[in-house]
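Visitor: Could you take me on a close look at the nonpolar core of this one, and the parts that pack around it? I'd like the cut-offs spelled out as you go.

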Amino acid sequence: MLEGFFLQKLNIRRAAGGVIKAIIELKPPPYPLDALEPHMSRETFEYHWGKHHRAYVDNLNKQIVNTELDGKRLEEIIIDTYNNGDFLPPFNNAAQAWNHEFFWGSMKPSGGGEPSGDLLDLINRDFGSFEAFVNEFKAAAATQFGSGWAWLVYKANKLDVGNAANPLPSDDDKKLVVVKSPNAVNPLVWDYSPLLTLDVWEHAYYLDFQNRRPDYISIFLEKLVSWEAVSLRLESAKARAAEREKEELEKREYEETDRPISEATEVYLESDADIAEAE
């Protein structure tokens with residue numbers, strides 16, 4: 001099992017020259033490191049991406065070589081090592097590597113403002129107004145005690161009702177919600193589809209904002225958010241939810257139409273002798 005791999009000393013695989021082979025890639029932000037100035041400085045990126053994000057990726061690669069996690073996608077590693085809340089050692093590095101890459105993609109130069117199209121329609125439907133969403137997101141980010149993240153997610157879960165059969169998602173399930181998570185935890189482990197995130201670890205903003213987390217949150221929403229990226233993520237989340245629902249329906253139809261006969265029906269046929277005896 002996974003735990004067994006991490007109770008032993010890992011046999012680290014090395015490539016030529018004694019360099020550890022990279023399995024999970026450190027991807028740069030989708031814009032130059034100074035592209036978000038003056039709202040997020042190059043110095044912050046050099047420190048946050050160049051040191052923190054890099055360390056998560058490097059440490060994760062060391063942890064997973066020669067284990068059954070080697071070669072898996074980052075999302076799979078996160079789910080496997082979350083272990084229903086009983087984290088296995090690689091979880092924090094895996095989740096932080098994914099969270100940071102997702103965070104960089106949540107921003108763009110000259111971002112902020114309001115979204116449009118289906119995204120804005122859903123925000124208005126699920127929060128009452130864009131302003132109400134902004135207030136809820138700010139509150140989640142500001143009240144996450146210590147280190148963690150604030151998220152906008154698309155929730156399309158089936159209802160967990162214990163030992164009963166799970167129904168298909170209802171319209172009430174298919175909605176946007178704001179959540180916050182401590183430390184490295186992200187909504188993938190709750191089976192939500194993340195659309196937007198804000199890093200509220202202190203190292204994310206201290207060089208630019210010192211201890212003024214509320215100012216950092218406001219600048220993120222007003223000047224940095226890439227609503228285009230969020231809209232594309234929403235389209236993918238809805239398509240994924242629809243595909244899962246289709247698969248569930250097909251599975252149920254198969255079970256109902258091709259279910260093997262488990263109990264034979266007894267048919268008693270009277271013989272001529274039985275009939276004569278009855279007469």
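Guide: A nonpolar core here is a set of buried Ala, Val, Leu, Ile, Met, Phe, Trp, Tyr and Cys residues joined through side-chain atoms within 4.5 Å. Buried means under 20% relative accessible area, exposed means over 50%, and partly exposed is in between, with a 1.4 Å probe and protein chains only. Some ground rules: this is a predicted model, where local features need pLDDT of at least 70 and side-chain atom pairs count only at pLDDT 80 or more, while totals for chains, interfaces and linings use all residues. Residues are numbered from 1 along each chain as its sequence is written, and side-chain values use heavy atoms, with hydrogens and water left out.

Now the core. The largest one has 72 residues, and Met-107, Phe-133, Leu-176 and Phe-220 touch the most other members. Helix α4 (residues 91-104) supplies the largest share of this core, eight residues. Helices (H or I, at least four residues) and strands (E, at least two) are DSSP runs, numbered from the N terminus. In general, nonpolar side chains in soluble globular proteins tend to be buried together.

Let's start with Leu-176. Setting aside neighbours within four places in sequence, its contacts (heavy atoms within 4.5 Å) include Leu-119, Leu-122, Ile-123, Leu-152, Val-153, Leu-195 and Leu-234. Asp-126 is also one of the residues that Leu-176 contacts. The C-alpha of Leu-176 is 8.9 Å from that of Ala-156, 20 residues apart along the chain. Ala-156 sits in the loop between β1 (148-155) and β2 (175-182), and it is partly exposed because its relative accessible area is 21%.

Next, Phe-103, which is in helix α4. Phe-103 has a relative accessible area of 0%, so it counts as buried. Beyond four places in sequence, Phe-103 touches Met-40, His-48, Trp-149, Thr-197, Leu-198, Asp-199, Tyr-216 and Phe-220. With Thr-197, the sequence gap is 94 residues, yet the C-alpha atoms are 5.7 Å apart.

Phe-220 turns up again where two helices pack. Among the meeting residues are Val-134, Phe-137 and Ala-141 in α6, and Ile-217, Phe-220 and Leu-221 in α8. By class, the contact of α6 with α8 has seven nonpolar, one polar and three charged residues (Ala, Val, Leu, Ile, Met, Phe, Trp, Tyr, Cys and Pro count as nonpolar, Asp, Glu, Lys and Arg as charged, and the others, Gly among them, as polar). The axes of α6 (residues 130-143) and α8 (residues 213-224) come within 10 Å and cross at roughly 140°. Therefore α6 is oblique to α8. Axes are lines fitted to C-alpha atoms, for helices over the stretch in contact, with angles from 0 to 180 degrees between N-to-C directions; under 35 degrees is roughly parallel, over 145 roughly antiparallel, 65 to 115 roughly perpendicular, and the rest oblique.

Zooming out, the protein chain has ten helices and three strands, running α-α-α-α-α-α-β-β-β-α-α-α-α from the N terminus. Buried residues make up 42% of its 279 residues. Of the contacts with a separation of 6 or more, 75% come from residues 24 or more positions apart.
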